[in-house]
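This briefing goes through selected local features of one protein chain. Please keep the sequence and the structure open while reading.

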Amino acid sequence: MSTWLHIANCCNLKCPYCYINKDKKFMSFQTASLYLDKLEQTVSHHGLDLVTIRLAGGEPTLHKTLINFLIEQTQKRFVEKGIRAKLILLTNGTLLDLNLIKMIKDNSVRVCMSLDGLGEWHNKTRFFGAGTGSFDVVAKNLNLCMGNDVRPTILTTITDRNISGVPMLSRFLIDASIPFRYGLYRDNVGDFKGYEDFMKKASSALNDCYDYYALAIRNHSAVAAQQLCEIHLDRKPHLRGCNLGHSGVAVDHNGNVFVCQARMDKKPIGNLETKKTFLEMAWSQDTFPELHSKDVLDYKGCQDCQWSLVCGGGCPVINFGAHDLATTSSPYCKLFKIMIPRLIELKALQLIWGHVKTKEVI
C-alpha cells in the first residue's frame, strides 16, 4: 500500500509546470490522525506488512510540526508493531534545516529533493514568487544533507526550459554519487503537439548522460542509482507504469482521497470518513475506469512491444493527457525504446563491475 499525503496545499516556489491548484491551506492534525486511522484499518483488514507514506504537497516542509508528528506516529502505529513503513519526504529543498535533517536521519526517512539543473538552469523552472531563482538555497541545503549523512535522491523534471542544462547536471550527480530520477514533462496543460521535437532533444540529453555514466562505471567511479520515468530494470514484470488504481492513493489536505496526486482536480474516490479501506477505494475508482480490467499487455500499442513489461506503458495520467485514454502506450514510447537498451547497458556494466569487485575481495 502506497499513499501520497498532501500535507500542504501551498508552496514558496512558483514552478511553471506545477499541476497543483494551490492556496494557503495546510492539513490539520485532526485530518492527519484520521489518515493514520484509515491506514491502520487498511493494514489490518488486508493483512499488509509494508506501507509507503510520501509526505508531499505543495511544499511539505512549510508544515514541519506535522512532519514530526507523522514520523513519530508512524513509528508508534506501524514500526513498533512489526509493520514495515517507508517514509519519503518530497521537498523542493529550500526549507530544510539541521533539526529536520536530524529527525530524518534518526527515523530513516528517505528524502527526494527537486533539482532541475545547476545554477540558472534550475532557476528557469524553480523560482520564488518574486522570480528569484532558488538554486543557491537548494545547493546549500543539499550540501547540508550530505554533510550530515543524509543522501537525497534528486528528482529532475525535464522540460523545454531546462533541457539544455541536463548534461551538466548529469555530470555533477554522477561525479558526486548522488542518486537521481529524471522525469519528462513538456507542460502542464496536456498539449503534446510538440512532443516529437521534444523527444529528439531529450534523446540527445539522455544519451549524453548515459555515455558519461557508462564511462564512470568503467572507471569505477559511479555508484549512485538512477531511473528514467516509469522504467524499471529488475526481476519483476511491470504490468502497470505505477500503482494507480491498484495499490496507491493520494490524500489531500482536507481528507479527500484521489486516485493520483495529479488528479486532485477531479472528483475524489472517497474520503477519510468512509468505511472503505484505502485499497478498496483504489479498486473502485472511476477516474480511469478502463484500468479495472486492463494491464499493459492489453494497452493499445504495447501488446507486441518487447519492452512493455519494463515500462508498464508509462504514466497513465500522461497517456490520458496525450490520447484521452489511460490504457495506451506512452506518448514518450519512441524515446523509451531508444533509452531502455542504454539503461540495460548500464545495468550490465554495473553487474560486471560488481563481479570484478567480488573476485578482488575473494
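The points below cover cavities, a pocket, aromatic pairs, helices and backbone angles.

The model is predicted, and local features are reported only where pLDDT is at least 70. The count of cavities of 30 Å³ or more comes to two. Six aromatic pairs turn up in a search of the whole structure.

**Cavities**

- The largest cavity holds about 90 Å³ of space.
- Its lining has 14 residues, and those nearest the centre are Cys 302, Cys 305, Cys 311, Ser 329 and Cys 333. Two or more lining residues come from each of the elements α9 (308–311) and α11 (333–361). Helix α11 gives the largest share, four residues.
- By type, the lining of the largest cavity is made up of seven nonpolar residues, six polar and one charged.
- The second largest cavity holds about 40 Å³. Its lining consists of Arg 240, Gly 241, Cys 242, Leu 244, Leu 291, Tyr 299 and Pro 316.
- Five residues in the lining of the second largest cavity are nonpolar, one is polar and one is charged.

**Second largest pocket**

- About 230 Å³ of space lies in the second largest pocket. It is lined by 15 residues, with Asn 9, Ile 20, Asn 21, Met 264 and Asp 265 closest to its centre.
- The lining of this pocket divides into five nonpolar, six polar and four charged residues.

**Aromatic pairs**

- Among the six aromatic pairs of the structure is the edge-to-face pair of Phe 29 and Phe 69, with 5.4 Å between the centres and 75° between the planes. This pair links distant parts of the chain, as Phe 29 is in helix α1 (residues 29–46) and Phe 69 is in helix α2 (residues 64–77), 40 residues apart.
- Phe 29 has a relative accessible area of 39% and is therefore partly exposed. Phe 69 is at 19% relative accessibility, so it counts as buried, the cut-off being under 20%.
- Phe 180, Tyr 182 and Tyr 213 are joined into a cluster by ring pairs.

- Ser 170 is a residue of helix α6 and is buried, with a relative accessible area of 1%. Apart from neighbours within four places in sequence, Ser 170 is in contact with Tyr 182 and Cys 209. Tyr 182 also belongs to the ring cluster with Phe 180 and Tyr 213.
- Helix α7 (residues 195–218) has 24 residues, which should span 34 Å at 1.5 Å a residue; the end C-alpha atoms are 33 Å apart, so the two values agree.
- In helix α10 (residues 316–323), the residues Pro 316, Val 317, Ile 318 and Asn 319 are buried. The buried residues of α10 pack against β6. Pro 316 is also one of the residues lining the second largest cavity.

**Positive phi angles**

- Most residues other than glycine have a negative phi. Which phi does Ser 177 take, positive or negative? Ser 177 has a positive phi of about 55°. This serine is in the loop between α6 (166–175) and β6 (180–184) and is buried, with a relative accessible area of 17%.
- His 220 is not a glycine either, and has a positive phi of about 65°. With a relative accessible area of 46%, His 220 is partly exposed.

How values were computed. Residues numbered from 1 in each chain as written. Predicted model: local features only at pLDDT ≥ 70, side-chain atom pairs only at ≥ 80, totals over all residues. Heavy atoms only, no water. 1 Å grid on protein atoms, 1.4 Å probe; cavity = no way out; pocket = protein on both sides within 12 Å on 5 of 7 lines; lining within 4 Å. Points joined across faces, edges and corners; volume = space filled by probe spheres on them. Nonpolar A, V, L, I, M, F, W, Y, C, P; charged D, E, K, R; others polar. Phe/Tyr/Trp six-rings, centres within 6.5 Å; stacked < 30°, edge-to-face > 60°. Buried < 20%, exposed > 50% of the residue type's maximum accessible area, 1.4 Å probe, protein only. Expected span 1.5 Å × (residues − 1). Contact = heavy atoms within 4.5 Å.
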